[in-house]
Amino acid sequence: MKKSFVKAVMILAVMTIAATSLVAQSYAIVFKNTGNPYGEKQMAGFKAGIEEQKFEAILRAPDQPTAEAQIAIIQQLIAQRVASICIVGNDFDALTPVLGQAASAGIKVFSLDSSVNPSARLTHVNQADSVKIGQTLVQAAYDMIGGKGQIAILSATSQASNQNLWISYMKQELTLPKYKNVKLVKVAYGDDLRDKSVSETEGLLKAYPNLKCIIAPTTVGVAAAGKVLTDKGLKGKVFLTGLGLPSEMATYIENGVCPYMFLWNPIDVGYLGAYVATALVKGTISGAVGDKFSAGRLGNYTITKAPDGGTEVLLGPPFKFDAKNIADWKTVY
Amino acid sequence: MSERSISVDRPRSLRRFFFQWEWLLVLIFIAVNLINSSLSRYYLNLRSLVGSTNSFLDMAFLVLPMTFVIILGNIDISVASTVALSAVVMAVSFNAGLPMPLAAILCLVVGTACGLLNGLIMIKFKELSAVIVTLATMIIYRGIAYVILEDQASGHFPKWYSFLAWGSIGPVPLILIVFAACAIAFGLLLHKTSFGRKVFAMGNNLTAARYSGIRTDSVIVAVSALTGLMAGFTSLFLSSRMGSTRPNVALGYELSVIAMVVLGGVSTAGGSGRIGGPILAVFIIGYLNYGLGLVNTTANVLLIIIGSLLILSVLVLNVRFGGHRRPAPPGARVIAPGKAPDEKA
């Protein structure tokens, strides 16, 4: 009787240990709030990435997009002893104390898409690589105009740091011998205002009658240019590409004014986050600059220095939206 | 006053003692805990059970004065905006160079002032109902907070300040100790002082209370100011927990707080209720949130459950206890001669 009791206790103990070690492999993502289509895609990508590695994914989002609601969720995740928390922050600083608690409980914490304070995260998963954005946009323009002709850039404000970074990489790409017949005639600034972007586009068309393509790496600019080119019936004469919201650009992609444009894919952002999570837990990476890891179907990644003083992983080339896939995406974001 | 009391005390019996809403709440509380612990193996862990209180207790400071407000037959929907405004003023004045202890006191002062203003408007313009007055100030206070901070966050509080919300004495979080002290103080104030009796009397029949010599205006102003002060407390703990503040903090707190008070068995018609009910309701909803969070239920399911509990509580109170006409505590029977005890003003 006593023996069987001891046996039972031992079996129970072993089962508990097995169970806890199993559950120690659950990976959580906390998005900003529920009912956000962009966030649903991101969480779906995270889930796919975690589940294809045979782990359990926990998808959480508060009903209100506030930091205090995220704090409560993170506390629950700490009590569940998850292996890692991937946070899409509602506030840069407010989550620092609770994320610190998570870290001291041995949980690997990192941010995704919307970053948190570098002191509260091991690394950050960012959408797109500035160099690749510059290269991709110039290549797109090159393909659209058949490798020859004048192009112009319609930017936001002249002080926007991300815009200027992308434009400088575009200019760098244009110095390659491949582009010797492509001439960048002007960088115009629409200040991310719809009416100013429209008049700047009209100005470009007047000043450069032989203009073949406009690159607008800003969602406001690219939509404004799309409208001008559509209204003036310049489809097929002046091409348009850039970084745009599928929902705003669907009309111009479907009518052919903009053959294709780019933005990052939220599913891939989440998917990359899944592999960052497992690599951090396995110890393959620690979140330091230069750490390398493999992210399933997306290939290999290296952690780099982030502008905010922490480290980050960049998703890579932006996602291409064209006539074939725009119908699926225009309702998403 | 005493010669005006009409004693309708029924003899205390065991049956009546157990036939109280609070016992049903205790049962719900036990049920919530049983369900939670069967759902998640991580639930029954004393350390995290006690520790998790810091995620819902900041709101509980508002439940205490709201109980007074609702017993008075009023309502205050401006509390969350008061929290936001006092937190924003504190953060901004601290970052402008005010020492943190003074900034914290300023936070309480701003909260009290907001409550005081609510009360003054209510007694000056009696034709306005409390819900309209506080609806207006709800918009105004949050509006001022937005004007001050403009959608930005403000913080960088000193390290020691985070102890308020995150610190604990032994295994017990500081916030739980402070809340227990406040709960006892409010319980004594409501059930053991003449002030509490006046609140019940006014909730039962305002006109009668006034004719029996209660200075009703000062009671209303005092309760409003007390509500503001407790909003200041909430704001201290909330901004300490977040390490920073924004104009949109505590969004929607007013409805959760009112829900807890009503679930706690306080009649929205005024005049009846006990402090123990709302306090139990705080822990029921808090642990329900925590437990369902542990099994990763989505936020929307939680809202449905809390809503259902609320309807259930109102139904049971009305059907089982006969439309809130259960006897209020003895002190509440201070009414003018000639008026029926349960007649509403």
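**Close-ups of a two-chain predicted model**

**View 1. α13(B) crosses α14(B) in a right-handed manner.** Right-handed here means that the near helix is turned clockwise from the far one by less than a right angle, left-handed that it is turned anticlockwise. Helices are DSSP runs of H or I with at least four residues, strands are E runs of at least two, and both are numbered from the N terminus. This is a predicted model, with local features needing pLDDT of at least 70 and side-chain atom pairs pLDDT 80 or more, while totals for chains, interfaces and linings use all residues. Residues count from 1 along each chain as its sequence is written, and chains are lettered from A, ligands numbered from 1, in the order written.

**View 2. Here's the contact between the two helices, α13(B) and α14(B).** From α13(B) come B:Met260, B:Val261 and B:Leu263; α14(B) brings B:Pro278, B:Ala281, B:Val282 and B:Ile285. Contact means C-beta atoms, placed from the backbone, within 7 Å.

**View 3. Chain B meets chain A.** On this interface, 25 residues of chain B touch 22 of chain A. Elements of chain B giving two or more residues to its side are α12 (216-242), α14 and α15 (299-320).

**View 4. Seven strands of chain A form an open sheet.** Pairing is mixed and the order is β2-β1-β3-β4-β5-β14-β13; strands pair if DSSP finds at least two bridges between them. At the edges sit β2 (56-60) and β13 (304-305), each pairing on one side only.

**View 5. Zooming in, β3 (84-87) and β4 (108-112) of chain A run parallel.** Four bridges join them, and A:Cys86 has A:Phe110 of β4(A) as its bridge partner.
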